[in-house]
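Open the model in a viewer and keep the selection panel to hand. The stops below go from the whole chain to single residues.

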Amino acid sequence: MTFADRRGGSVVTRFVLTRLLQSVVVVFGAVVISFLLTNVIGRPADVIGGPQMTAEERAALNAQLGYDKPLPARFVQYVGGMFRGDFGISYRTSSDAMGEVMTALPNTLILAILAIVLASALALVLTIFSARHRESRADRGLRRTIGALQGMPEFWLGLMLILIFSANLQLLPSFGFYGLSSLILPVLTLALPTVPTLYRVFRGQMLDVLGNDFVEAMRARGLSERLIVYRHALRNMVGPGVNFAALQLGYLISNCVIVETIFSWPGIGNLLISAVLTRDFAVVQATIIMVAAFYVLLNLIADIFILISDPRVRTVKA
């Protein structure tokens, strides 16, 4: 092993340890914020009991759920339970709160992963077209169209897709999960608004690569623009592209709340909304912590990937 390899390995190890420590701080911050938010807006007994429950019965139910203790004592008890893998019990189903989240999480991941793959593929195709026809009339028209689609809200797009493909054409189901056809409209609703963001980032990276001296040298040697784009420019933008796509995947997971509610999709977004409406705080906290941990994990994996794949980043970090 050479000195450069050992130095590169120590840079990666130091970076991973630093990011792990930062990740723990971020997840603990999510724990604190979710606990405070769910414990200052009221008590579950007010919703469970309704107006028919007497004050004594309400106090007894609050004591049963642990809400008769001071806030700091409840926080210490909650954090202690987390370290034992106990995130509380859902009062609606009497089952483990984190277990409910883990049951719904795969459904959300299916939507988010399919959406980011579709959005990345579309953005990459548009980026290649734009780079090969730079500043042409078609390129300018594409950029204006992408800019107009940038602010398209997911809830509006989801309702329009339901109106066209479910209500009018009756081609696709509008809610629930009845097979692969149920995936099409939710995935499109998540993917299409993400395309403009990915396109702008991919295009910027592609043009940066095409403006480098080594690309000019290739042009001087007579290599075609098509060969330069497909063989060299794409390879050099893979690292930053994967990094940004991973960040967008975390954004899509958090954005599933809206899409899953529109399409009644059985994921963590739908679970979170129903838990908030019924003040099932254990499920709300478990969902927020899971989303935060997943987002942090995606960031960490993306940073490690780009650190390992790009020697220039290791040089900067050293």
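This is a predicted model: local features need pLDDT of at least 70, side-chain atom pairs count only at pLDDT 80 or more; totals for chains, interfaces and linings use all residues.

A residue counts as buried under 20% relative accessible area, as exposed over 50%, and as partly exposed in between.

**Whole chain**

Start with everything shown as a cartoon. The protein chain has 15 helices and 0 strands. Along the principal axes, its C-alpha atoms fill a box of roughly 85 × 65 × 30 Å. Colour by accessibility next: of the 318 residues in the protein chain, 41% are buried. The chain exposes about 16,900 Å², and carbon and sulfur atoms supply 67% of that area. If contacts are drawn between residues at least 6 apart in sequence, 73% of them join residues at least 24 apart.

**Annotated spans**

Select residues 105-302. An unreviewed UniProt entry places the feature "domain: ABC transmembrane type-1" here. In the model this stretch is 81% helix and 0% strand, with its end C-alpha atoms 21 Å apart.

Now select the spans that UniProt lists, in an unreviewed entry, as "transmembrane region": residues 20-41, 109-131, 152-171, 177-199, 241-263 and 283-308. Two of them can be looked at in turn. Residues 283-308 are 100% helix and 0% strand, and the end C-alpha atoms lie 37 Å apart. For residues 152-171 the figures are 75% helix and 0% strand, with 23 Å between the end C-alpha atoms.

**A nonpolar patch**

Stay in this part of the chain and show helix H7 (residues 154-168), which gives the largest share of a nonpolar surface patch, 3 residues. The patch consists of Phe155, Trp156, Leu159 and Ile258, and together they have about 390 Å² of accessible area. Pick Phe155, which is found in helix H7. Is Phe155 buried or partly exposed? Its relative accessible area is 47%, so Phe155 is classed as partly exposed.

The structure holds 6 salt bridges. Side chains of opposite charge can pair when their charged atoms come close.

Select Glu135, Asp139, Arg143 and Arg203, which are linked in a network of salt bridges. Within this group, zoom in on Arg143 and Asp139: their closest N and O atoms are 3.5 Å apart. Both residues lie in helix H6 (residues 137-149), 4 residues apart, or about one turn of the helix. An α-helix has 3.6 residues a turn, so residues three or four places apart point the same way.

Glu135, another member of the network, lies in the loop between H5 and H6. Check its backbone: Glu135 has a positive phi of about 60 degrees although it is not a glycine. Its relative accessible area is 47%, which makes Glu135 partly exposed.

**Helix H10 and residue 225**

Move to Arg219, which takes part in two pairings described here. Its side chain meets that of Glu216 in a salt bridge, 2.9 Å from N to O. Glu216 and Arg219 are 3 residues apart in helix H10 (residues 213-220), about one helical turn. Arg219 also meets Glu225 in a salt bridge, again with an N to O distance of 2.9 Å.

**Helix H11**

Select residues 225-236, helix H11. H11 has 12 residues and reaches 15 Å from its first C-alpha to its last, close to the 16 Å expected at 1.5 Å a residue. Colour its buried residues: Ile228, Val229, His232, Ala233 and Leu234. Then bring up what covers them, including helix H5 (97-132), helix H9 (195-210), H10 and helix H12 (238-263).

**Last stop: Ser264**

Ser264 sits in the loop between H12 and helix H13 (268-277). With 37% relative accessibility, Ser264 counts as partly exposed.

Key. Residues are numbered from 1 along each chain as its sequence is written. Side-chain values use heavy atoms; hydrogens and water are left out. A salt bridge is a side-chain nitrogen of Lys or Arg within 4 Å of a carboxyl oxygen of Asp or Glu. Helices (H or I, at least four residues) and strands (E, at least two) are DSSP runs, numbered from the N terminus. UniProt positions are given in the numbering used here, feature names are shortened, and annotations may be inferred rather than shown by experiment. Patches are made of residues with over 30% relative accessible area and no salt bridge: like charges are joined within 9 Å, nonpolar side chains (Val, Leu, Ile, Met, Phe, Trp, Tyr) within 5 Å. Accessible areas come from the Shrake-Rupley method with a 1.4 Å probe; for residues, only the protein chains shown count as cover. Buried means under 20% relative accessible area, exposed over 50%, partly exposed in between (1.4 Å probe, protein chains only). The expected span of a helix is 1.5 Å times one less than its number of residues. Contact means heavy atoms within 4.5 Å.
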